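Subject: Structure handover

Hello,

The structure we discussed is below, and my notes follow it. Please read them alongside the coordinates.

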Amino acid sequence: TIPSCFTNQLGCDSWATNSSEFKKTFVRERNDLLEFLDDNNIKNVVFITTDVHFPSNIIVDEDPNHDRDRVIVHEIVSGPLAAITFPKPNPLDPTINATYLYHENKIFNFGYLKTQKQENDSRVHLISEIRDGDGLLRPGSYLDLTPQ
């Protein structure tokens, strides 16, 4: 059985679920990871996730160790292509500085990722797009993550 925040089971399958609303979360582990990234000045962290039944691009811009050197983490979310869709995206946890750059609901979709060297700056970029069931780019979903 997969743990779920929405049942009486132990644990939770979400590390970013609002811990003030759902008490069984991985908030401590998430905060430890963000603090580790900040302590070690690790850049260009991208989480690619799926199976949440709505597409989104999320940015976390946080200073977990309070040293005024912020850590920026991107989360790219896609899915489902052929499963039920959710009526709305989940609210983001207010205890971290997370923002939706893009989100939609009630659409079948898939994520399209590619690495591509750009001619104008000769760096390799991570390009993320959300495509609908017909393979068309969803408005607002294009994300170009240039290494820092």
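Thr 85 is partly exposed, because its relative accessible area is 25%, which falls between the 20% limit for buried and the 50% limit for exposed. Please keep in mind that this is a predicted model. Thr 85 sits in the loop that links strand 3 (71-78) and strand 4 (98-103). Leaving out residues up to four places away in sequence, Thr 85 touches His 53, Pro 80, Lys 106, Ile 107 and Phe 108.

Four strands make it up, in the order 1-3-2-4, and their pairing is mixed. On average, and with direction ignored, neighbouring strands here are turned by 20° against each other. Strand 2 (residues 56-62) and strand 4 run antiparallel and are joined by five bridges; within strand 4, Ala 98 is the bridge partner of Val 60. Helix 1 (residues 27-39) lies across strand 1, strand 2 and strand 3, and runs at about 135° to strand 3.

Next, the hairpin. Strand 5 (residues 109-117) and strand 6 (residues 124-132) are antiparallel, with nine bridges between them. Opposite Leu 113 stands Ser 128 of strand 6. Six residues lie between the two strands of the hairpin, and Ser 122 has a positive phi near 55°.

The side chain of His 125 makes a polar contact with that of Asp 144, at 2.7 Å. Apart from neighbours within four places in sequence, the residues in contact with His 125 are Lys 114, Thr 115, Gln 116, Gln 118, Asp 144, Leu 145 and Thr 146.

Last, the rings. How many aromatic pairs does the model have? The count is zero, with ring centres required to lie within 6.5 Å of each other. A charge does sit over a ring, however: Arg 131 lies over the face of Tyr 112, 5.4 Å from the ring centre.

Regards

How values were computed: Residues numbered from 1 in each chain as written. Predicted model: local features only at pLDDT ≥ 70, side-chain atom pairs only at ≥ 80, totals over all residues. Heavy atoms only, no water. Pairing = 2+ DSSP bridges. Buried < 20%, exposed > 50% of the residue type's maximum accessible area, 1.4 Å probe, protein only. Contact = heavy atoms within 4.5 Å. Phe/Tyr/Trp six-rings, centres within 6.5 Å; stacked < 30°, edge-to-face > 60°. Lys NZ or Arg CZ within 6 Å of the ring centre and 35° of its normal. Polar contact = N/O pair within 3.5 Å; in protein donor to acceptor, adjacent residues only side chain to side chain. Axes fitted to C-alpha atoms, helices over the stretch in contact; angles between N-to-C directions.
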